[in-house]
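Hi,

Here is the structure I promised to pass on.

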Amino acid sequence: MSARARHLLSAGDLDRTGAVEILDTAERLDHALAGREVKKLPPLRGRTVVNLFYEDSTRTRTSFELAAKRLSADVVNFSAKGSSVSKGESLKDTALTLEAMGADAVVIRHSYSGAAHRLAEWVHGSVINAGDGTHEHPTQALLDAFTMRRRLRGGEGDLAGLRVAIVGDVLHSRVARSNVLLLATLGAQVILVAPPTLLPVGVDAWPAATSFDLDSALPGSDVVMMLRVQRERMSAGYFPSAREYARRYGLDARRMAMLGDDAIVMHPGPMNRGMEIAAEVADDPKRSTIVEQVTNGVSVRMAVLYLLLGGADE
Ligand code: CP
């Protein structure tokens, strides 16, 4: 990340140097913690990180909390449920209240696309986008890139020439948008595979190819990233039935066998097992990186906090 960056709002804000710096820093912090009995480093001692979550989360919220604690920051977890938001308090007033208590960084998840950008206009500290509506989820893209780099590039450099298929509900996916932006910056070739109803208007302008046919995309892919079908964001019938979706776009053992020897299968979670991904694929010990992605999320979020908050050398 650029030395002058204050926020991480979009994967598109990162250039190649900045993105590789985050991945390298994550590797360095991961190695610094390895083998330590007490998994803590001192650089963010005295700093306060607020997790401001207006939408549910298991992985992102927990890993930001762990990441901040491993860097010795104080952490406040704020959930809209059970707060004064239920009395009508606005996002701005909530954020200013938390900042008045000394927050140096606010990690925000919100169902409104653009919430993180709005917040960055109001607070003095750093803002990290932990998922805004159907817009972006930059730290998910970074942990995905970190996982690909470790598995397929020896944990170094960029992802030049890597062939990545992103499959499924692209329309509602902030993970897809952030991944396309970051992967293009890192030199990967991306193909989006989805039914026509689940590709967004304007996708032709994205730095990615598109296809409606999963079977033809699999043999040439080094990485297959399955997306969750986001039924909670769907107001219309985007496909005939769950069974039909799984038949056309689900990754099962038969389709996994079409992949090259070293190809990996990713999913950001949470998964709809039996719909976009079969259980035997999700749990495949060789190809599935789903649990690894979660582990890597802590290291990558440590790197983001460290670089944004200007931590001293550990
Ligand atoms: N991948 C992801 O964002 O998961 P959570 O919704 O559990 O944070």
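**Salt bridges and a helix crossing**

E27 counts as buried, because its relative accessibility is 9% and the cut-off for buried is under 20%. Keep in mind that this is a predicted model.

So what does E27 pair with? Its salt-bridge partner is R150, with the closest N and O atoms 3.0 Å apart. The two sit in distant parts of the chain: E27 is in helix α1 and R150 in helix α5, 123 residues apart. R150 counts as partly exposed because its relative accessibility is 32%.

The general idea is simple enough: side chains of opposite charge can pair when their charged atoms come close.

A second bridge involves R149 and D24, whose side chains meet at 2.9 Å, N to O. R149 belongs to helix α5 (residues 138-152) and D24 to helix α1 (residues 16-33), so this pair ties together parts that are 125 residues apart in sequence. Buried or exposed, which is R149? At 0% relative accessibility, R149 counts as buried, whereas D24, at 36%, counts as partly exposed.

Then there is R151, which meets E292 in a salt bridge at 2.8 Å, N to O. Here R151 lies in α5 and E292 in helix α11 (residues 290-308), so the bridge ties together parts 141 residues apart in sequence. Both ends come out as partly exposed, with R151 at 29% relative accessibility and E292 at 28%. Back with R150, salt bridges that share partners join it with E27 and D30 into one network. The structure holds 14 salt bridges, and the ones above are among them.

Now the helices. How do α1 and α11 cross? Their axes come within 8 Å and cross at roughly 110 degrees, which makes α1 roughly perpendicular to α11, as the range for that label is 65 to 115 degrees. The crossing of α1 past α11 is right-handed.

As for who touches whom, the α1 side includes E21, I22, T25, A26, R28, L29, D30 and L33. On α11 they meet S299, V300, M302, A303, V304, Y306 and L307. By class, this contact has ten nonpolar, two polar and three charged residues.

Cheers

Key
Residues numbered from 1 in each chain as written. Predicted model: local features only at pLDDT ≥ 70, side-chain atom pairs only at ≥ 80, totals over all residues. Heavy atoms only, no water. Salt bridge = Lys/Arg side-chain N within 4 Å of Asp/Glu carboxyl O. Helix = DSSP H or I, 4+ residues; strand = E, 2+ residues; numbered from the N terminus. Buried < 20%, exposed > 50% of the residue type's maximum accessible area, 1.4 Å probe, protein only. Axes fitted to C-alpha atoms, helices over the stretch in contact; angles between N-to-C directions. Parallel < 35°, antiparallel > 145°, perpendicular 65-115°, else oblique. Left-handed = near helix turned anticlockwise from the far one by under 90°. Contact = heavy atoms within 4.5 Å. Nonpolar A, V, L, I, M, F, W, Y, C, P; charged D, E, K, R; others polar.
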